[in-house]
Amino acid sequence: MATAGQIVCFGELLLRLSAPGRGHLFQEPRLNADFGGAEANVAVALARLGVPSAIVSAAPDDALGDAAVEAMRRHGVDMTRVRRAAGRLGLYFLTPGAGLRASAIVYDRENSLFAQTPPDAYDWAELLAGAGRLHLSGINPAIGPQMVEVALAAIAAANAVGVPVSFDGNFRASMWARWCDAPSPILARHIEGCDLMFGSHRDIALLLNRDFPGEGSERRRAAALAAFERFPKLRYIATTTRHVHNADHNTLSARIDTPDEAVETGEVEITGIVDRIGTGDAFAGGVLAGLPHGLEEAARTGLALAALKHATPGDQSLVTRRELATFHEGGLDVRR
């Protein structure tokens with residue numbers, strides 16, 4: 001049973017194998033091993049800030065599964081809802097970006113235990129009892145048709161008991177291409193049950209099959225208003241705007257739209273990037289942690305965690321409240 005107010009994150013635990021330093025895969029005869037996964041990363045970010053979080057997933061009942069579960073638990077994430085059974089752990093390979101070379105990912109997730117776990121394996125009434133929110137992402141349905149059914153069942157169960165649902169678009173073209181050439185209607189069915197969406201004007205353009213004119217804030221606002229019209233349950237749309245100068249130098253800002261207003265931060269200059277993977281998950285965790293305290297706090301906290309994640313190796317944000325306060329002291333004003 002979920003702890004009251006706990007944010008329950010549903011998604012696959014993954015093993016990440018990455019080239020050492022900034023090298024190519026197998027340029028050296030070794031790889032660095034870490035554990036992650038989009039929704040798990042959000043749960044860790046929340047737990048590190050003292051926000052109760054839990055993961056619903058399925059992990060192999062073997063040494064790899066033990067290590068994946070323990071990697072999340074040691075940060076304070078409740079792992080009691082992870083189903084353990086025979087099977088394989090999903091994984092991905094990362095070539096880190098360097099200079100003008102972008103990062104590259106190769107997935108190896110087919111036939112994982114999570115992908116093969118049937119809908120009736122999840123008792124959502126029990127898994128969501130007392131939960132304050134359900135969080136999941138577009139990676140779940142991208143895995144395959146069975147996972148579409150599972151994710152929609154989770155959202156329906158949350159809606160039935162009044163648990164708000166957040167959904168991060170996390171569009172993965174290579175995963176969808178394996179089985180579906182028209183993902184927009186499927187993603188739309190998920191967002192119909194959500195009050196909070198993480199996604200840019202590009203994600204909304206994909207969902208609605210239309211373009212949005214204008215530049216900058218004007219275009220983002222137009223896209224947000226179109227999404228609110230299409231998805232009347234939505235109350236918030238949160239997004240970042242990134243400008244990539246090279247793999248070591250980005251600028252980042254954050255924005256949250258509601259049907260009535262928008263809050264946008266100034267840009268943060270990010271240099272000396274250590275690891276960009278997981279920054280979107282860090283942003284989502286920060287927004288979820290800050291939202292009970294208002295839109296400005298949600299935008300500031302989301303941006304802070306995303307910016308600071310660039311300086312942390314691995315998938316997860318490890319920022320504490322103390323580090324967050326130190327970052328804010330450097331100035332992170334919100335403009336309307």
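Predicted model: local features only at pLDDT ≥ 70, side-chain atom pairs only at ≥ 80, totals over all residues.

Visitor: Which residues make the contact between helix 1 and helix 11?

Guide: Helix 1 brings Ala-38, Asn-41, Val-42, Ala-45 and Leu-46, while helix 11 brings Asp-281, Ala-284, Gly-285, Leu-288 and Ala-289. Sorted by class, this contact has seven nonpolar, two polar and one charged residues. Gly counts as polar here.

Visitor: What makes strand 3 and strand 7 edge strands?

Guide: They belong to an open sheet of four strands in the order 3-2-6-7, with mixed pairing. Strand 3 (32-36) and strand 7 (104-108) each pair on one side only, and that makes them the edges. On average, neighbouring strands of this sheet are turned by 25° against each other, direction ignored.

Visitor: How do you know that strand 2 and strand 6 pair?

Guide: Pairing needs at least two bridges, and five bridges join strand 2 (residues 14-18) to strand 6 (residues 90-95), so these strands pair. The two strands run parallel, and Leu-14 stands opposite Gly-90 in strand 6. Helix 2 (residues 63-73) packs on the sheet, where it touches strand 2 and strand 3. The direction of helix 2 makes about 65° with that of strand 3.

Visitor: Why is Arg-300 called buried?

Guide: Arg-300 has a relative accessible area of 19%. Buried means under 20%, so Arg-300 counts as buried. You will find Arg-300 in helix 12 (residues 295-309). Its C-alpha atom is separated by 9.8 Å from that of Leu-324, 24 residues apart along the chain.

Visitor: And is Asn-209 buried or exposed?

Guide: Exposed means over 50%; Asn-209 has a relative accessible area of 71%, so Asn-209 is exposed. Asn-209 sits in the loop between helix 9 (201-208) and helix 10 (216-230).

Visitor: What makes the phi of Asn-209 worth a look?

Guide: Most residues other than glycine have a negative phi. Asn-209 is not a glycine, yet has a positive phi of about 55°. Asn-111 also has a positive phi, near 60°, and is found in the loop between strand 7 and helix 3 (113-116).

Methods
Residues numbered from 1 in each chain as written. Heavy atoms only, no water. Contact = heavy atoms within 4.5 Å. Axes fitted to C-alpha atoms, helices over the stretch in contact; angles between N-to-C directions. Buried < 20%, exposed > 50% of the residue type's maximum accessible area, 1.4 Å probe, protein only.
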